[in-house]
Amino acid sequence: MNSILDLEENINKLKKEDGDSFRLFNSIFHVSSASGELKIPSSFGEKVRSYFGNKDESGKIIESKNEVIERIQTQKIVKTYNKWTGEGSLFNSLRAIRPGMKPQERSKEHEKVQEYIEKSKENCDFCQAEKYTPEDVFGRVQGKHCITGANIAKYDAWNSMVFFKKHNPLDFTQEELSDYIETGFKWFKKANNHDKQFVSPLFIWNCLQKAGASQIHGHAQVLMTKSVHYARTQFLSKNFRSYMQLNGRNYFKDLYNAHKALGLALDGDVNGFASLTPLKEKEFIIISRDNPSTSDDVKEAIYRVLRCYIDELGVNSFNLVISCPSFGETFLPYIIRIVDRGSIFKPTADIGAMELYGSSVISDDPYNVIKAVNEFKHG
Ligand SMILES: [Zn+2]
């Protein structure tokens with residue numbers, strides 16, 4: 001099975017089999033690896049086994065002390081770097097080979113999450129959004145499964161919320177998710193109609209507190225800005241332009257093809273892939289020329305990834321963003337990014353100084369992520 005730890009071998013294979021893809025990959029990425037070594041004093045051996053030993057279904061450690069120590073003493077690190085965006089990640093063998101959540105653990109955590117969300121229903125303002133949330137000066141946009149309202153403490157002059165009718169943010173169908181996106185995009189038009197200077201939309205969804213949400217009740221946010229895009233989108237747009245000027249090629253197309261050549265692309269027609277330089281765990285990127293609010297294929301792809309993450313990989317807190325071209329602009333594509341933010345029951349933050357100022361330290365193997373998404377069957 002493909003593994004991120006074999007990335008350099010996979011790239012070498014590409015060099016022999018597909019020179020064009022290899023060159024394309026190298027025009028975007030730099031990949032290297034190194035081994036870190038350490039010594040475990042004998043007094044620490046048993047503890048190390050209990051911390052890092054692989055377990056069976058019942059939680060019993062199935063590795064001997066020496067097996068575990070051998071794994072710990074030499075650790076391979078694979079380092080990826082995107083020369084254009086400056087994004088980079090570190091994959092450690094010790095973290096990458098950790099087994100995923102077992103079905104039993106997953107259903108237990110799932111139950112705990114449901115209970116936690118159910119409890120928060122009491123006194124939830126967003127359950128009665130029309131009564132207990134402010135509205136925009138132009139009123140509310142009514143979706144079938146959601147309704148908009150102004151953000152009471154605005155990030156920016158135009159910043160509103162898409163309140164889902166369902167309290168539980170993890171419980172949504174394809175139809176409901178599509179409606180959230182479509183309603184958000186209707187709001188973009190309304191805001192632009194109201195003030196023509198505001199032309200650059202951004203759709204975001206922080207799901208649960210670990211992802212930055214202040215309320216448990218399901219809600220996305222929509223923003224419109226003027227003059228320049230929001231900083232990250234502006235940066236992507238700038239890179240896209242420089243890449244075009246320097247290479248005469250489309251950066252996002254090449255980015256997708258580089259991932260595809262290495263077996264990290266979504267099956268089907270939508271250009272999606274598990275990122276080689278994830279910002280944090282399981283980052284998935286979808287690039288689309290078509291507006292996601294009108295493309296059923298793109299909406300299905302977003303739904304597929306989210307449902308797979310929640311139902312199959314046990315994700316409960318995530319960020320989703322749709323970076324959009326400005327109104328009337330045909331240059332930038334729509335860029336959809338989804339990232340797992342870790343369990344709501346873990347008090348530690350997933351982002352530390354490394355992620356803010358160094359490179360992202362990643363546990364989840366993008367090869368496992370793409371495999372799960374491509375094999376996932378949703379209703
Ligand atoms: Zn609610």
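The angle between H3 (residues 45-52) and H4 (residues 65-73) is about 80°, and their axes are 9 Å apart. Axes here are lines fitted to C-alpha atoms, for helices over the stretch in contact, and angles run from 0 to 180 degrees between N-to-C directions. Helices (H or I, at least four residues) and strands (E, at least two) are DSSP runs, numbered from the N terminus.

On the H3 side, the contact is made by Gly45, Glu46, Val48, Arg49 and Phe52, and on the H4 side by Lys65, Val68, Ile69 and Ile72. Two residues are in contact if their C-beta atoms, placed from the backbone, lie within 7 Å. By type, the residues of this contact are five nonpolar, one polar and three charged. Ala, Val, Leu, Ile, Met, Phe, Trp, Tyr, Cys and Pro count as nonpolar, Asp, Glu, Lys and Arg as charged, and the others, Gly among them, as polar.

## Basis of the model

The structure is a predicted model, in which local features need pLDDT of at least 70 and side-chain atom pairs count only at pLDDT 80 or more, while totals for chains, interfaces and linings use all residues. Residues are numbered from 1 along each chain as its sequence is written.

In the contact between them, 24 residues of domain 1 meet 24 residues of domain 2.

On the side of domain 1 that touches domain 2, at least two residues each come from helix H1 (7-17), helix H2 (19-28), strand S2 (74-82), strand S3 (88-92) and helix H5 (93-96). H2 gives the largest share of that side, five residues. The residues of this side of domain 1 comprise 12 nonpolar, eight polar and four charged.

## The buried face of helix H13

Helix H13 (residues 366-375) has Pro366, Tyr367, Val369, Ile370 and Val373 buried. A residue is buried if 20 or more other C-beta atoms lie within 10 Å of its own, exposed if 12 or fewer, and partly exposed in between, with C-beta atoms placed from the backbone. The buried residues of H13 line one face of the helix, because they fall within an arc of 160° when seen down its axis. The arc is that of the directions from the helix axis to the C-beta atoms. Among the elements that cover these buried residues are strand S8 (271-274), strand S9 (284-288) and helix H11 (296-312).

## Buried loop residues with positive phi

Leu208 is found in the loop between S6 and strand S7 (219-225). Its phi is near 70°, a positive value in a residue other than glycine. Leu208 is buried, because 21 other C-beta atoms lie within 10 Å.

Lys282 belongs to the loop between S8 and S9. Although Lys282 is not a glycine, its phi is positive, at about 55°. With 27 other C-beta atoms within 10 Å, Lys282 is buried.

## Exposed and partly exposed residues

Gln128 occupies the loop between helix H6 (103-119) and helix H7 (129-132). Gln128 is exposed, because 10 other C-beta atoms lie within 10 Å. Gln197 is in the loop between helix H8 (174-194) and strand S6 (200-207), and with 11 other C-beta atoms within 10 Å Gln197 is exposed.

Asp311 is located in helix H11. Asp311 is partly exposed, with 15 other C-beta atoms within 10 Å. From C-alpha to C-alpha, Asp311 and Thr233 are 30 Å apart in space, and they are 78 residues apart in sequence.
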